[in-house]
Amino acid sequence: MIYLDNSATTRIDESVVEAMLPWLRDNYGNASSIYQLGRQARVAIEYAREEIAALIGAHPAELIFTSGGTESNNTVLKSCSQESNLCNEVLYSAIEHHAILHPVAELSHQHLKTTALSVKSDGILNIEQFETLTMTNRTLVSVMHANNETGAIQPIEKLRALASDSLIHTDAVQSFGKIPVNMHALGVDFASFSAHKIHGPKGIGALFIRKGIDFKSHQQGGGQERNRRAGTESPALIVGFQVAARQAVNEMAKRTEIMKSAINLLRELLITAIDTIRVNTPLEQSLPNILNVSFPDAESLDGESILQSLDIQGVAASNGSACVSGSLQPSHVLSAMGCSIAEAKAAVRFSVSKDTTEREIRQAASSLFEIISALRNH
Ligand code: PLP
């Protein structure tokens with residue numbers, strides 16, 4: 001199989017598995033216990049926290065471990081608007097992941113004022129619209145650092161400069177490990193992370209909460225994570241996250257080169273062979289690992305058939321949007337960029353990793369040509 005869906009999840013690295021195994025097999029203590037077995041787990045967790053915090057330019061006390069990006073995003077929105085009572089309004093971009101869009105929709109039914117921010121046709125936030133908005137110190141702005149469907153990198157530093165009094169959250173699930181992610185440079189108050197996008201294990205991530213914020217969790221139970229996330233921590237998952245994060249950041253330059261050359265080759269092959277193809281990824285301002293394409297004659301193509309045929313030919317790709325009971329929904333991201341429903345359905349997102357080879361790219365491109373020409377002649 002040619003795996004080109006690395007924005008959905010990545011293959012876990014063997015070195016990560018090796019680092020996790022002792023915490024699954026032998027060192028099974030509960031980090032909250034006072035005896036030696038528990039203390040060992042506590043030391044491992046705090047060491048991981050220190051290292052991951054340093055990788056993002058944060059203080060260890062500013063990082064809590066969560067089950068991943070979805071939980072981190074939900075926690076920020078719900079805690080800020082409810083338990084912590086820090087905001088009465090949320091501004092969010094129309095291209096956010098569903099782990100922002102769905103809780104925002106729910107909170108809007110509970111009397112929270114919510115406003116969607118538009119993007120331009122290149123998938124990058126419309127800063128001119130943002131400049132016209134009135135914000136207060138009870139406004140929470142939630143804009144992702146990079147989009148999971150197009151790879152478009154969003155101007156978070158500019159938002160910080162414009163919304164100097166407001167709280168800012170960024171979903172850094174896709175950007176972390178692909179481009180520099182530094183809490184000081186971005187100037188955000190909250191940021192979400194996930195390990196399985198960087199060759200780490202699934203079910204673990206983190207939430208950055210800037211020091212000084214009076215943050216109360218909506219999850220109640222034990223006093224773990226300094227009362228900010230109740231629940232027994234998983235040393236194995238946390239150590240796996242630590243090793244994956246270390247390697248992603250230390251090897252970023254090398255990985256970027258591999259991913260960029262794979263994406264550039266794929267783009268060249270596709271635009272040469274399919275002259276009407278539309279590239280939805282803003283190449284000058286995007287992650288090195290994502291290429292999203294669609295077809296102007298999409299009305300005559302069936303979006304689902306493209307992905308299914310790719311699968312039959314052994315190529316795993318997606319259009320990045322949700323599949324609801326087997327039927328492909330038009331991508332809300334491409335729709336927000338102004339694509340037609342048909343175009344937003346017949347898009348293909350290829351996402352590569354450090355392990356993607358040139359042979360795989362050439363094979364995937366030729367499979368796509370074959371499929372598109374077969375569907376056009378149908
Ligand atoms: N945010 C973005 C941008 C994502 O791409 C994803 C996963 O695809 C998530 C959040 C959810 O993260 P997790 O799978 O760790 O819950």
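Visitor: How much area do domain 1 and domain 2 bury between them, and what share of it lies on carbon and sulfur atoms?

Guide: In this predicted model, domain 1 and domain 2 bury about 2500 Å² between them, and 56% of that area is on carbon and sulfur atoms. Three residues, Met252, Leu287 and His332, supply 28% of what domain 1 buries against domain 2, which is more than any other three residues give.

Visitor: How many salt bridges does a search of the whole structure find, and which residue pairs with Asp13?

Guide: The search of the whole structure finds 19 salt bridges. In one of them, Asp13 pairs with Lys354, and the closest N and O atoms are 3.1 Å apart, which is inside the 4 Å cut-off. The two residues are 341 residues apart in the chain, with Asp13 in the loop between β1 (2-3) and α1 (14-25) and Lys354 in the loop between β14 and α14 (358-377).

Visitor: Turning to the sheets, what is the strand order in the sheet of seven strands, and why do β2 and β4 each have a side without a neighbour?

Guide: This open sheet has the order β2-β8-β7-β6-β5-β3-β4, with mixed pairing. Because β2 (63-66) and β4 (113-117) stand at the edges with a single partner strand each, one side of each has no neighbour in the sheet. On average, neighbouring strands here are turned by 20° against each other, direction ignored. Within the sheet, β5 (residues 139-142) and β6 (residues 167-171) pair in the parallel sense over three bridges, and Val141 has Ile168 as its bridge partner in β6.

Visitor: Which strands does helix α3 lie across, and which does α4 lie across?

Guide: Helix α3 (residues 69-83) lies across β2, β3, β5, β6, β7 and β8, running at about 160° to β7. Helix α4 (residues 98-109) lies across β3, β4, β5 and β6, at about 150° to β3.

Visitor: What is the order of the sheet of three strands, and which helix lies across β9, β10 and β14?

Guide: The order of this open sheet is β9-β10-β14, with antiparallel pairing, and its edge strands are β9 (278-279) and β14 (348-351). Two bridges join β9 to β10 (residues 290-294), where Val293 is the bridge partner of Val279. Helix α10 (residues 252-273) lies across these strands and runs at about 15° to β10.

Terms used:
Residues are numbered from 1 along each chain as its sequence is written. This is a predicted model: local features need pLDDT of at least 70, side-chain atom pairs count only at pLDDT 80 or more; totals for chains, interfaces and linings use all residues. Side-chain values use heavy atoms; hydrogens and water are left out. Two strands pair if DSSP finds at least two bridges between them. Helices (H or I, at least four residues) and strands (E, at least two) are DSSP runs, numbered from the N terminus. Contact means heavy atoms within 4.5 Å. Axes are lines fitted to C-alpha atoms, for helices over the stretch in contact, and angles run from 0 to 180 degrees between N-to-C directions. Buried area is the accessible area (1.4 Å probe) that two parts lose on being put together, summed over both. A salt bridge is a side-chain nitrogen of Lys or Arg within 4 Å of a carboxyl oxygen of Asp or Glu.
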